[in-house]
Amino acid sequence: MAYVDEVIELVVKKNPGEIEFHQAVKEVLESLRPIVDAHEEVYRREALLERLVEPERQIKFRVPWIDDKGQVQVNTGYRVQFNSAIGPYKGGLRFRRSVYIGIIKFLGFEQIFKNSLTGLPIGGGKGGSDFDPKGKSDREIMSFCKSFMTELCKHIGADVDVPAGDIGVGGREIGYLFGQYKNIKGAFEGCLTGKGLEFGGSLVRTEATGYGLLYLLDEMLRHNGHEISGKTVTVSGSGNVAIYAIEKAHQLGAKVVTVSDSNGWVYDPDGIDVAALKEIKEQKRQRLTEYKKYRPNSEYHEDGTVWSIPCHIALPCATQNELHLADAQALVDNGCIAVAEGANMPTTLDATKYLQQHGILFAPGKAANAGGVATSALEMSQNSERLSWSFEKVDRRLQRIMAGIFQKMADAAERYGVPGDYVAGANIAGFEKVANAMLAQGI
């Protein structure tokens, strides 16, 4: 049995029921076959793949908190510190009812390669809780965050592990978490990123993942003889990534016509109104059913998906495994030329293969959505320097990083005989740096 297959089998056996983690490992290791086969003797002797798929540390803890009725509630918290070969652990915190250890491990594993691709010295990690902020008061969310950080603070720090936000964790939650860390540790340090500008945050961090997605998409299109201007784009999601991907797409001359949330989706043939979307989602924290009040010509649907709308470019920006084979077939039939993942692993394996087999340019999430963690690392640099950079400076750095990521994955795909396969290219390019660091540091 090939080394890659042995390790995939081992992961499934040792981590029963963790289907998202199995999927992530299989997707990455399958695409690493060319480089693993070329170095199999060394990698086997050093058990490199076995070490790569086993987290350095998994932390699971109880999070008790008090709701507005005085009732004590209990949730579970997680932090998986996956790989620190190239720098301190870096990865977001996700607060969502569906969170369990398998999702955190899948996200942390992906983060290893994403962080490596940025070229910045950050390792892979991820965390979160099955706590759902939806419908909770600010006081309840503060109560939960304070309790969560009371345990988490024992395991993180500016040079150890620097969490950020993810689904369910925005500026409000980061503020409460940072306040508790500071109170317990008695130190004002860069232990979290995504902080408010008043207390060590970075300009562009809010926009970074969405903007970065479009910067990499633009590089990929131009490299393949296309341009983004004039294209029709479908986007899923309506959170931070989706909002700022839409904003940047419009700035680059494209027209985005869809947006979605967990209840339904909107089709606006005139182009999504970003100002209205921000007001609904960022200020009022409402559902997309409100969008029609701003744009009467738009359509709201509870059934179906945004991928049924004809487009040139599709940007899945909601959550994992949201774009299925039937959706991929619809995109191909409707003339789509490119898909770039704004979320983590939003396209199923069979859908990804179908898109690639039909000539669709495909940018995987670990490359396309790396703008958020890249800017988080730039926030870490600013914190270390005790400086704040201008919006323009951070944005320029972000653009250079995303252009560099595309070049790395395109070059790796060429070197290993799979030109145009950006999934393999991203995985190989991210893996090479981490593997060399692990080998250099010994057992």
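Which cysteine sulfur is closest to the sulfur of cysteine 311, and how far away is it? Hi everyone, let's start there. The closest one sits in cysteine 336, at 4.3 Å, which is too far for a bond. A disulfide here means a pair of cysteine sulfur atoms within 2.5 Å, and the structure holds zero of them.

A quick word on the ground rules. This is a predicted model, so local features need pLDDT of at least 70 and side-chain atom pairs count only at pLDDT 80 or more, while totals for chains, interfaces and linings use all residues. Residues are numbered from 1 along each chain as its sequence is written, and side-chain values use heavy atoms, with hydrogens and water left out.

Back to the cysteines. For cysteine 317, the closest cysteine sulfur is in cysteine 311, 12 Å away, again too far for a bond. Cysteine 311 is buried, at 4% relative accessible area, and cysteine 317 is buried too, at 7%. Buried means under 20% relative accessible area, with a 1.4 Å probe and protein chains only.

Now to strand β3, residues 89-95, where seven of seven residues are buried. Strands are DSSP runs of E, at least two residues, and helices are runs of H or I, at least four, numbered from the N terminus. Strands pair if DSSP finds at least two bridges between them.

On one pairing, β3 runs parallel to β4, residues 123-129, over five bridges. The chain gets from β3 to β4 through helix α6, residues 101-117, in a right-handed β-α-β crossover; with the strands pointing away from the viewer, that path runs clockwise from the first strand over the helix to the second. Phenylalanine 95 has serine 129 in β4 as its bridge partner.

Five bridges also join β3 to β5, residues 161-165, in parallel. There, lysine 90 stands opposite valine 162. Thanks, all!

Definitions and conventions: Buried < 20%, exposed > 50% of the residue type's maximum accessible area, 1.4 Å probe, protein only.
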